[in-house]
Amino acid sequence: MSEPKPPTPTPGDTYKGWLFKWTNYIKGYQRRWFVLSNGLLSYYRSQAEMGHTCRGTINLATANIAVEDSCNFVISNGGAQTYHLKASSEVERQRWITALELAKAKAVHMQAESDDSGDECPAAPPSSGQGGGCRNLEIQSTLRTLGSKVEDLNTCNDLIVKHGSALQRSLSELEALRVSGDVGDKMKQVTERATLFRITSNAMINACRDFLSLAQSHSKRWQKALHSERDQRIRLEETLEQLAKQHNHLERAFRGATVLPSSFSNPALGNKGGVSGKGDASDEDDDNEFFDAMEDPAEFITVPADPKYHRRSGSNASGFSCETGMDDQSVNFDELSLASNPESPQTLELEPVRQRRTRIPDKPNYYLNLWSIMKNCIGKELSKIPMPVNFNEPLSMLQRLSEDLEYYELLDRAAKCQSSLEQMCYVAAFTVSSYSTTVHRTGKPFNPLLGETFELDRLKDCGYRSLCEQVSHHPPAAAHHALSEKGWTLRQEITLASKFRGKYLSIMPLGSIQCLFDKSENHYSWKKVTTTVHNIIVGKLWIDQSGEIDVVNHKTGDRCHLKFAPYSYFSRDVPRKVTGVVTDKDGKAHYVLSGTWDEKMEFSRIMQSSKGENGTEGKQRTVYQTLKAKEIWKKNPLPEGAENMYFFSSLALTLNESEEGVAPTDSRRRPDQRMMEDGRWDEANAEKQKLEEKQRIVRREREREAVKAASTPEEAVTEDSINDSPLKTDGVETGTEASEVSDETPYGPSHVPFQSAHPDNYQAMWFDKFDDPASGETLHVYKGGYWEAKEQGSWDMCPEIF
């Protein structure tokens, strides 16, 4: 027996029909004519009223549709309007429910799209013409239509799932009642639900057909429009690039004409700056450097040098080629040095190089909120904040100091330089390169225990070896010594002072770094800039370096002033920018350095300088004419998967690798650090507390011995009683604990300017204090004996700190 196919509501079309609407308790349900169109449900007493009188309208975008029983359903928009409706049958009710849900989904989508388009319209780029505007409107209209069809498909899919489940339940119940004779009512119910399922499926099929038809009709047009837009974008980018080059060229030519002496306003220079068809001008342009103008507070700007400097050969360029090997000649000085040096690595017998590890265990995903620990510590001494290893990285501060040698090749090249000014450029680039590993390294290194050491022996691999030792614990200080077969020595002593500002943490390195070259006997020294850790409270942690560095050659008086620009959201400069000028003892500038501390550095030879226009602060800036810039340093790429390995560089991955023959105080033997690297963080936290408590006991005993040695017997007894008494003064306790728990300082030890009540007679094992006559500073210098003890395998003199 077949029944006529009921009309199916088409998604997006107007739907009309009779429904019974509840009016009041007297009249009950009354028959009304309902019209569903554009997301609005309106009703009339009859079809004749549609042209002039509407009895009520409800917006489905904010309405709630609920089914009460087989024929009744309710539409409400939150209390202001509520329609209690009844259909003539369950099938009719389902038709209306399907149409209402489709219309509601479409209305909600259109309302959200309208809100978004209202925000985006002001930012839309102006169209190139009326045709472009019409095309954009057409595309937007088509996209809205397709989006509406997708919403219809989603709604139909939900309905099919719902009615399919109901039909399956009815079939299961019918199967259970087959044994009895009373199956008539159940058969009727199954038939009605099958009809509902067919209605919904038909709506789904119609929506799919409409969507497919629209997609096919517009697919070819969109592909053609996409190719056209892509070609137009490429042509526009090429045009903009050409305009930018022309603008930069004209700007530099104008500045050079306005600030240079009249002797440079010659016809040759004029032809160079002008637009001519001759090939000479373009050839000379290739040798010139076009620097972008710096911000107004900068003290200097650079312009291309006069072409006559490029034409001078190495034999007749008096004072230039003899002073530097970095002019625009085709032969590089370093290549000449390597080729002519009889001790060049090419002539040496190659030895097998040890294969070092390239991976460490991935960092576990343990979440811990830094702010939850530090919010109660604002204004307090950072050395008294307990910090778990969750914020650490599995390296010690001694190993982080050794990472400064990652770009040791810069010092190797500096050792070959004949000119002290050229050598200064390489030393300055080396100082900048030491910060390249910090850009993503937000983890805090382990603060070393007193007497802890770390050796980095790369004599066979790279021709150098270094040694670090924690030489003081109050305040915490580490000494570093590196010696190279290429003729340079690096030594440094670093103490960190940190200040917690609430939103960020400032780390100020104290101490000096010195580099000595054997051949030239040049002695350089400099200090480090301030490191800032941002977003302590909320957000992703990120690192910035800011401040100024003066690299001084104490033998010749040469100086390089480097400026690390702090990050600013409003700055037009590239982030992490570094600029510098190399001057001789008379203050005459010879080189300009520029770049970023996380990517690369370049340097340019200065041919002439002159005073330019005033900046925004009224200071007269210097204009430098420079040769073409050359790259002096570039950062090595991080190894694959570095984001899962604490963003370690290739060198950092090898620093904590186990090695035979190192001292028992070496950082590689530290148990809590090794546990953290292996992913056993809970055990590492427990071991870290044990090591710190052991260090406290040793320090107290050392202070008692120092007091007894420096005092009379009566005073010693008094001091011992004070130490053992629970009434110990806060000042003494603060001085002791501040230094004993300095490993707790976030991102490095905190410098605590407190003088202990008891003297500490600790003497470093491998370093002695030394007053440097050249720089006038006091620092710990390597006194020898470590490598000899390693060769003999004799470490009896080392303390047991782990």
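Which residue takes a positive phi in the hairpin of β18 and β19? It is Gly557, whose phi lies near 85° in a hairpin that has 5 residues between its strands. The model is predicted, so that local features need pLDDT of at least 70 and side-chain atom pairs count only at pLDDT 80 or more, while totals for chains, interfaces and linings use all residues. Residues are numbered from 1 along each chain as its sequence is written, and side-chain values use heavy atoms, with hydrogens and water left out.

The strands named here, like the helices, are DSSP runs numbered from the N terminus (E and at least two residues for strands, H or I and at least four residues for helices), and two strands pair if DSSP finds at least two bridges between them. Strand β18 spans residues 542-553 and is joined to strand β19, residues 559-564, by 6 bridges in an antiparallel arrangement. Within this pairing, Glu548 has Lys563 in β19 as its bridge partner. Strand β17, residues 530-534, also pairs with β18 in the antiparallel sense, over 5 bridges, and here the bridge partner of Val533 is Ile543 in β18.

A further neighbour of β18 is strand β16, which runs antiparallel to β18 and is joined to it by 2 bridges. In this pairing Tyr524 stands opposite Asn553, and Ser525 stands opposite Val552. Strand β16 (residues 523-526) is also joined to β15 (residues 505-517) by 4 bridges, again with the strands antiparallel, and Leu516 stands opposite His523 in β16. The two strands β15 and β16 form a hairpin with 5 residues between them, and Glu521 in the turn has a positive phi of about 60°.

In a regular strand the side chains alternate between the two faces of the sheet. In β16, His523 and Ser525 point one way whereas Tyr524 and Trp526 point the other way, and all four residues are buried. Buried here means under 20% relative accessible area, exposed means over 50%, and partly exposed lies in between, with a 1.4 Å probe and protein chains only.

Side chains of opposite charge can pair when their charged atoms come close. A salt bridge is counted when a side-chain nitrogen of Lys or Arg lies within 4 Å of a carboxyl oxygen of Asp or Glu, and a search of the whole structure finds 33 of them. One of these joins the side chains of Asp461 and Arg356 at 3.8 Å, N to O. This pair links distant parts of the chain, 105 residues apart, with Asp461 in the loop between β11 (453-458) and β12 (464-473) and Arg356 in the loop between α7 (333-340) and α8 (370-374). Asp461 counts as partly exposed because its relative accessibility is 30%, whereas Arg356 counts as buried because its value is 18%.

Another salt bridge brings together the side chains of Arg491 and Asp772, also at 3.8 Å, N to O. Here Arg491 lies in strand β14 (residues 488-500) and Asp772 in the loop between β25 (767-771) and β26 (778-782), so that the pair links distant parts of the chain, 281 residues apart. Both Arg491 and Asp772 are buried.The side chains of Arg704 and Glu701 meet in a salt bridge as well, at 3.9 Å, N to O. Arg704 and Glu701 are separated by about one helical turn, because they are 3 residues apart in helix α14 (residues 681-710). Glu701 counts as partly exposed because its relative accessibility is 39%. Salt bridges that share partners also join Arg354, Arg356, Asp461, Glu657, Glu659, Asp666 and Arg668 into one network.
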